[in-house]
Amino acid sequence: MKAQLLQMSTPDGPFTILARDGAVLSSGWTDKPGDLTGQIHPSLRPATIELVTGLGDISAAVEAFYAGDPGPAMHVPVLQKSGPFRAHAWDVLRLVQPGSPVTYTEYAGLAGNPKAVRAAASACAFNAAALFVPCHRVIRTDGSLGGFRWGLPIKESLLAREAA
């Protein structure tokens, strides 16, 4: 399998996307592609990676997000693989509205199992498609940010951008 690699500049720093057949495999705020490949399910990992200068609707969605419109990113196809709860939880994340973060407890409930708070947090932790599956929209019950693979300053920036 061959994947495309795109590196973009954003106000939050370099943003790198690995995609295949018009779907995001992995993405995040890094300039190191190796930071992304470990999060891709082994059965989906590309054998080769080709550097590209654009990814059509995918790169346009990132540009739209940083121009103030987070909507298009929720319509970009994403290719992730896991068990049934985590896969469903990733789909549910895409329904959380920008500017209206939910707690991990609320997120577990939205995913269909209010008692599965740790499983919901795990879905965030193992989400490979940052921005397109907006795990940054999940916070702790006390209102603090919780964790974020790409750093709390970026999570804080994303939430502030969406609240504006």
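**Exercise 1. Describe the polar side of the interface between domain 1 and domain 2 in this predicted model.**

Solution. Across the interface of domain 1 and domain 2, six residue pairs are found in polar contact, both residues of each pair being at pLDDT 80 or more. The next step is to look for salt bridges between domain 1 and domain 2, and their count is zero. On the side of domain 1 that touches domain 2, the residues divide into 15 nonpolar, five polar and two charged.

**Exercise 2. Locate the two domains and work out which residues of domain 1 lose the most area to domain 2.**

Solution. Begin with the domain assignment, which places domain 1 at 2-74 and domain 2 at 84-163; their centres, taken over C-alpha atoms, are separated by 19 Å. Into the contact go 22 residues from domain 1 and 20 residues from domain 2. Between them the two domains bury about 1,800 Å², with 67% of this on carbon and sulfur atoms. In domain 1, the greatest losses fall on Trp29, Gln39 and Met74, which together account for 39% of what that side buries.

Technical notes
Residues are numbered from 1 along each chain as its sequence is written. This is a predicted model: local features need pLDDT of at least 70, side-chain atom pairs count only at pLDDT 80 or more; totals for chains, interfaces and linings use all residues. Side-chain values use heavy atoms; hydrogens and water are left out. Domain bounds come from an automatic or database domain assignment. Contact means heavy atoms within 4.5 Å. Buried area is the accessible area (1.4 Å probe) that two parts lose on being put together, summed over both. A salt bridge is a side-chain nitrogen of Lys or Arg within 4 Å of a carboxyl oxygen of Asp or Glu. A polar contact is a pair of N or O atoms within 3.5 Å; within protein, one must be able to donate a hydrogen and the other to accept it, and residues adjacent in sequence count only if both atoms are side-chain atoms. Ala, Val, Leu, Ile, Met, Phe, Trp, Tyr, Cys and Pro count as nonpolar, Asp, Glu, Lys and Arg as charged, and the others, Gly among them, as polar.
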